Amino acid sequence: MARAILCVLDSAGCGGAPDAAAFGDEGSNTLGHIAEACAEGRAEEGRSGPLALPNLDRLGLGKAIRQASGLNAPGLGAVPQGFWTAAREISNGKDTPSGHWELAGVPVPFDWHYFPHEVPAFPDDLMQKFIEKAGLGGTLANCHASGVPVIREYGEAHIKTGQPICYTSADSVFQIAAHETHFGLERLIEICRIAAGIFHPLCVGRVIARPFVGETPETFKRTSNRRDFAIAPPEPTLCDRVVAAGRQTHAVGKIGDIFAHQGISTLAKGKDDMALLDHLVRLMGEVPDGDFIFANFVEFDSLYGHQRDVSGYARALEVFDARVPEITDALRPGDMLIFTADHGNDPTWEGTDHTREQVPVLITGPGITPGPAGPCKFADVGETLAAHLGLAPGAHGRSLI
C-alpha cells in the first residue's frame with residue numbers, strides 16, 4: 001500500500017491566476033519575480049547571483065511557472081524529471097484556509113468576512129464584547145497592519161498598558177499580538193479562544209495568536225508559539241478521508257490549526273522551517289504504508305512575503321531546495337510526493353498582503369512518469385493523492401495521474 005506526502009511551500013505562487021485582476025493582483029508572480037530580481041542583481045542580501053533551485057527545477061518548477069504565467073524564469077530551465085503542472089484556485093479568497101482546504105479536496109463554498117481598511121477596522125460592539133469577555137482594559141491598533149511593524153509600533157504601549165494589539169489584513173483574520181512574558185502566552189491563547197467564539201460566527205476564517213518577546217522596538221521579535229484558531233472545513237477533507245479509512249494523517253507545522261485539528265492523527269511543530277523539514281524526513285522514515293503526511297513551511301510567507309523581502313525569500317527558497325534531496329531520498333517504493341503552494345505573496349508587489357496566483361504542482365516518486373499535465377484546480381491535488389492512496393473519489397476534483 002502506498003504513502004502520500006504533500007509539502008506546501010507557503011505563498012510560493014507562480015502567477016497567472018485568470019481572476020487576479022479582481023483581487024488587485026494582475027501581473028503578480030511570486031516565484032517568477034524573485035527569479036527576475038535575482039538575475040538582475042536586486043536580491044543580494046545574504047546571497048548572490050541568479051536564483052539557484054536545481055532540485056525543485058528538476059521536478060518541473062520552471063515549467064510550471066511558464067505554464068501559469070508565460071514567463072521563462074531566469075535560471076529555471078531544467079528538463080523536468082517529475083510530473084508537473086500549475087493549479088488554479090476556485091475558492092473566493094487568497095488566504096491560508098481557502099488554499100489548504102481546496103488542496104485537500106474541499107473548495108470554500110461561502111464568502112469569508114473581511115474587515116474594512118478603516119481605523120478602527122473592527123466594529124465597536126464586537127470589540128466591546130471581546131474586551132468584556134476577556135477581562136481586558138482595552139485594545140491597541142485595531143487596524144490593518146503587517147505583523148512585525150505593528151508590534152514595533154505598539155509593543156511598548158502594550159507592555160505599559162497590558163492591552164493586546166489587535167489587527168487584521170487582506171485575509172479574513174483577527175490577529176492578536178501580545179508579549180509572551182509581560183502578558184503571558186497562556187493568557188494570549190485564552191483570549192484568542194474567546195475571540196474565536198465571537199468572530200467565527202461572522203465567517204472570519206481565523207483568530208491568530210501572535211506572541212512576541214523583546215523590550216524595545218529594535219528587539220521585539222515574534223516567536224514560534226503562534227496558534228491559529230480556524231473555522232472547521234465545511235465537509236470532510238482528504239485528512240478526514242484518510243482517517244475514516246483507518247489510516248493516519250500526520251501534520252507538520254500549522255496544518256493542524258488550519259484544519260481545526262479535524263482529521264489530524266499526529267502533529268509535529270518546530271521553531272522554524274528547517275526544524276519542520278527535520279520532522280518531515282523523520283516521519284518519512286517512520287510512518288507505515290497507507291498514511292498521509294501533510295506539511296506546511298510557513299516562513300516563505302510569514303518572514304519574507306509579507307515583509308516584501310526579496311533577498312530573504314530567495315535565500316529561504318535556496319536553503320529549502322538544498323534539502324530537497326533529503327526528502328526525495330526518503331521516498332519508499334509506491335510513495336507519491338507533491339510540492340505545491342497555497343497562494344502567492346509576491347515580495348516585489350505593492351502592499352504587504354497575499355497575491356492571487358496559480359501555484360506549481362510538482363509530483364514525484366518511484367514509478368511516477370515525468371511529464372506535463374494541463375491546467376488543473378487546487379482540488380485536483382487532493383484527488384491525485386486520494387487516488388494514489390486508494391480512496392474513493394471526492395466531489396470536487398480529479399486525479400491528475
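Residues are numbered from 1 along each chain as its sequence is written, and side-chain values use heavy atoms, with hydrogens and water left out. Because the model is predicted, local features need pLDDT of at least 70 and side-chain atom pairs count only at pLDDT 80 or more, whereas totals for chains, interfaces and linings use all residues.

Helices (DSSP runs of H or I, at least four residues) and strands (runs of E, at least two) are numbered from the N terminus. Axes are lines fitted to C-alpha atoms, for helices over the stretch in contact, and angles run from 0 to 180 degrees between N-to-C directions. The axes of α4 (residues 96–103) and α13 (residues 378–388) come within 6 Å and cross at roughly 40°, which makes α4 oblique to α13, given that angles under 35 degrees count as roughly parallel, over 145 as roughly antiparallel, 65 to 115 as roughly perpendicular and the rest as oblique. In this pair, G99, E102 and L103 of α4 meet F378, A379, V381 and G382 of α13, where contact means heavy atoms within 4.5 Å. By class, four nonpolar, two polar and one charged residues form the contact of α4 with α13; Ala, Val, Leu, Ile, Met, Phe, Trp, Tyr, Cys and Pro count as nonpolar, Asp, Glu, Lys and Arg as charged, and the others, Gly among them, as polar.

For α5 (residues 124–134) and α7 (residues 180–199), the axes come within 10 Å and cross at roughly 145°. The contact joins L126, M127, K129, F130, K133 and A134 of α5 to I191, I194, A195, I198 and F199 of α7, and its residues divide into nine nonpolar, no polar and two charged.

A search of the whole structure finds two cavities of 30 Å³ or more, a cavity being a set of points on a 1 Å grid over the protein atoms alone where a 1.4 Å probe fits but cannot get out, with lining residues having an atom within 4 Å of a point. The largest cavity, with a volume of about 200 Å³, is lined by 21 residues, of which S169, Q175, R210, D301 and H306 lie nearest its centre. The largest share of this lining, three residues, comes from β6, and by class the lining has four nonpolar, nine polar and eight charged residues.

The second largest cavity has a volume of about 70 Å³, and its lining divides into ten nonpolar, one polar and no charged residues. Strands β12 (336–340) and β13 (359–364) each supply at least two residues of that lining.

Technical notes: On a 1 Å grid over the protein atoms alone, a cavity is a set of points where a 1.4 Å probe fits but cannot get out, and a pocket is an open set with protein on both sides within 12 Å along at least five of seven lines; lining residues have an atom within 4 Å of a point. Grid points are joined across faces, edges and corners, and a volume is the space filled by probe spheres set on the points.
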